[in-house]
Amino acid sequence: MTDSDRSDPSFRSDAEMEAIGRGLIDHSLAKERWTHAAHFAAALWIILRRPDLSPSRDMPDIIRSYNEAVGGMNSDSAGYHETITQASLRAAAAFAAERPHMPLHLLCNALLASPLGRKDWLLAYWTRERLFSTEARRRWIEPDIAPLPFAP
């Protein structure tokens, strides 16, 4: 089920999140299912259920590869975005660390219901111009409004 199929982006099971994570990795996830909520679902699943992967190291290539497999591109203006990905991974990991015993799907639902679940949460730390610059898309750029409160 996609975010557009229901009134809220919440997940009903850990299996639903695993399907998103596996679909991202093996490119079987339908492009329309790669939503804001799915980004966090995949991030949390990889962080907590895939100890064989290093999220900060592996997620960039996973996303780039997926984008290309579903007909997208990774350019200076579209596709993979390094600063957003790395900041979101830090946020997801910190959020999960504070709730170590919560089932995965409930953890993701709580994250999505928190301020971090807002699509514009990064604008509390970066100006729009800096965050959406070509430089920030290509490599990690430190925030220019306030320090990110999550460790790398």
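This is a predicted model: local features need pLDDT of at least 70, side-chain atom pairs count only at pLDDT 80 or more; totals for chains, interfaces and linings use all residues.

Me: How should I read a helix, and why does the span of H3 agree with its number of residues?

Reply: Helices are DSSP runs of H or I with at least four residues, numbered from the N terminus, and the expected span is 1.5 Å times one less than the number of residues. Helix H3 covers residues 55-69, and because its 15 residues at 1.5 Å a residue should span 21 Å, the 20 Å between its end C-alpha atoms agrees. After H3 comes Gly71, whose phi is positive, near 90°.

Me: Which residues of H3 are buried, and what do they pack against?

Reply: Buried means under 20% relative accessible area, exposed means over 50%, and partly exposed is in between (1.4 Å probe, protein chains only). In H3 the buried residues are Pro55, Asp58, Met59, Pro60, Ile62, Ile63, Tyr66 and Asn67. Taking contact as heavy atoms within 4.5 Å, these buried residues pack against helix H1 (14-26), helix H2 (36-49) and helix H4 (82-97).

Me: How many residues of H4 are buried?

Reply: In H4, 12 of the 16 residues are buried, so this helix is largely enclosed by the rest of the structure. Its buried residues, among them Glu82, Arg90 and Phe95, pack against H2, H3, H5, H6 and helix H7 (134-138).

Me: What is a nonpolar core, and which residues touch the most other members of the largest one?

Reply: A nonpolar core is a set of buried Ala, Val, Leu, Ile, Met, Phe, Trp, Tyr and Cys residues joined through side-chain atoms within 4.5 Å. The largest here has 41 residues, and Leu44 and Trp121 touch the most other members. H1, H2, H3, H4 and H5 each supply at least two residues of this core, and H2 gives the most, with 9 residues. Leaving aside neighbours within four places in sequence, the contacts of Trp121 include Phe40, Ala91 and Leu148.

Me: What lines the largest pocket?

Reply: On a 1 Å grid over the protein atoms alone, a pocket is an open set of points where a 1.4 Å probe fits, with protein on both sides within 12 Å along at least five of seven lines, and lining residues have an atom within 4 Å of a point. The largest pocket is lined by 30 residues, of which Trp34, His36, His39, His81 and Ile84 lie nearest its centre. The elements giving two or more residues to this lining are H2, H3, H4 and helix H6 (128-131).

Me: Finally, are Asn109 and Leu48 buried or exposed, or in between?

Reply: Asn109, in helix H5 (residues 104-113), counts as buried because its relative accessibility is 18%. Leu48, found in helix H2, is partly exposed, with a relative accessible area of 38%. Not counting residues up to four places away in sequence, Leu48 touches Ala96, Leu104 and Leu107.

How values were computed
Residues are numbered from 1 along each chain as its sequence is written. Side-chain values use heavy atoms; hydrogens and water are left out.
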